[in-house]
There are 2 protein chains.
Amino acid sequence: FGGQPPTASDPMWGSFTAIAGQDGEVDAEELQRCLTQSGFTGSYTPFSLDTCRIMIAMLDRDMTGKMGFNEFKELFVALNGWKQNFMLFDHDRSGTIEPQEMSQAISTMGYRITPQALNAIMKRYNKGGRIYFDDYLACCIKLQALTDSFRRRDTMLQGSVTFQYDDFILCTMAI
Amino acid sequence: FGGQPPTASDPMWGSFTAIAGQDGEVDAEELQRCLTQSGFTGSYTPFSLDTCRIMIAMLDRDMTGKMGFNEFKELFVALNGWKQNFMLFDHDRSGTIEPQEMSQAISTMGYRITPQALNAIMKRYNKGGRIYFDDYLACCIKLQALTDSFRRRDTMLQGSVTFQYDDFILCTMAI
Ligand SMILES: [Ca+2]
Ligand SMILES: [Ca+2]
Ligand SMILES: [Ca+2]
């Protein structure tokens, strides 16, 4: 008795409340500030806001566009997983993923895509020919979400899916 | 005779060379700096890098990820068109697009999407419930590109398209 609410003893509660501010939830811009300050990009540029939005969209089950404490903790677990994954494929330790490394990352993660699709992905996510961590994250999360959407609909495992227009837009515009 | 190359007399040539720098082409980050400085966002935040990449991807026919002078001029024509379009739908002159305005913009532009898809779009592109110009641009260009991809494949006008996995990823990851 006389104990504090369970969250108060959680080591992440302090950071969460500091980042969340008055409304007690973390939105994409608050997350961006936090990830920029913690040096997660590996460069001096701000952490991509777009990546923050995509990450929140993936975890935001109650559809508010913001994260409560549990979603925030899940996100940090996922983020650390992706950081490990990124370092695993950054063979030359350049701090960025180059085309050859990206090709290997994508196929090791189990995606079967053509060189043309790989080329389109490199073009979309590179800065000066290299992919930085925040863009890598956006790219991987998007590829995963799109592949999941596709597989859920490909119930006959035929490698092809018929989309109605509205369903296609919903799948592709939401992330 | 004794004339200058045609581009030298073009009023936009000076800005282009200043922005393009040494390599004579404008990449996404150079475009971002230029659009941020020219106050195109309507706010004090940097113009979205993601939007710059999407715009370049749309115009970049030679697939270099950068723009030459002609592509750069086309982009400014398109950008001014979108600014007009944005102001047209910003009925209350708030400088941002609110959900009601977005719903009208999307249907006036001829897209037929469900309230669920509209809701997903608002969630993805809003900041504090409003859509700023740079995010509006990314959203509209993406919606247009995805709709075009869909229609090109819907040759029988059935409102449904069968995608192979690789084609689906190529269509959706490139922008
Ligand atoms: Ca590397
Ligand atoms: Ca340049
Ligand atoms: Ca408005």
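**Reading the interface of chain A and chain B**

Modeller: In this predicted model, 43 residues of chain A are in contact with 43 residues of chain B.

Colleague: How should I read the area that chain A and chain B bury between them, and which residues of chain A supply much of it?

Modeller: Buried area is what two parts lose in accessible area on being put together, summed over both. Here chain A and chain B bury about 4200 Å² between them, with 60% of it on carbon and sulfur atoms. On the side of chain A, 19% of the area buried against chain B comes from Arg124(A), Tyr165(A) and Met173(A), more than from any other three residues.

Colleague: How many salt bridges are there between chain A and chain B, and what is one case with its distance?

Modeller: The idea is to look for a side-chain nitrogen of Lys or Arg within 4 Å of a carboxyl oxygen of Asp or Glu. The count between the two chains is four, and one of the salt bridges joins the side chains of Arg53(A) and Asp135(B), at 3.0 Å from N to O. Elements of chain A that each supply at least two residues of the side touching chain B are α3 (49-59), α6 (115-125), α7 (133-153), β1 (160-164) and α8 (165-173). By class, that side of chain A has 22 nonpolar, 10 polar and 11 charged residues.

Colleague: Do β1(A) and β1 of chain B run parallel or antiparallel, and how many bridges join them?

Modeller: Strands pair if DSSP finds at least two bridges between them. Five bridges join β1(A) to β1 (residues 160-164) of chain B, and the two strands run antiparallel; within this pairing, Phe163(A) stands opposite Val161(B).

How values were computed. Residues are numbered from 1 along each chain as its sequence is written. Chains are lettered from A and ligands numbered from 1 in the order in which they are written. This is a predicted model: local features need pLDDT of at least 70, side-chain atom pairs count only at pLDDT 80 or more; totals for chains, interfaces and linings use all residues. Side-chain values use heavy atoms; hydrogens and water are left out. Contact means heavy atoms within 4.5 Å. Buried area is the accessible area (1.4 Å probe) that two parts lose on being put together, summed over both. Helices (H or I, at least four residues) and strands (E, at least two) are DSSP runs, numbered from the N terminus. Ala, Val, Leu, Ile, Met, Phe, Trp, Tyr, Cys and Pro count as nonpolar, Asp, Glu, Lys and Arg as charged, and the others, Gly among them, as polar.
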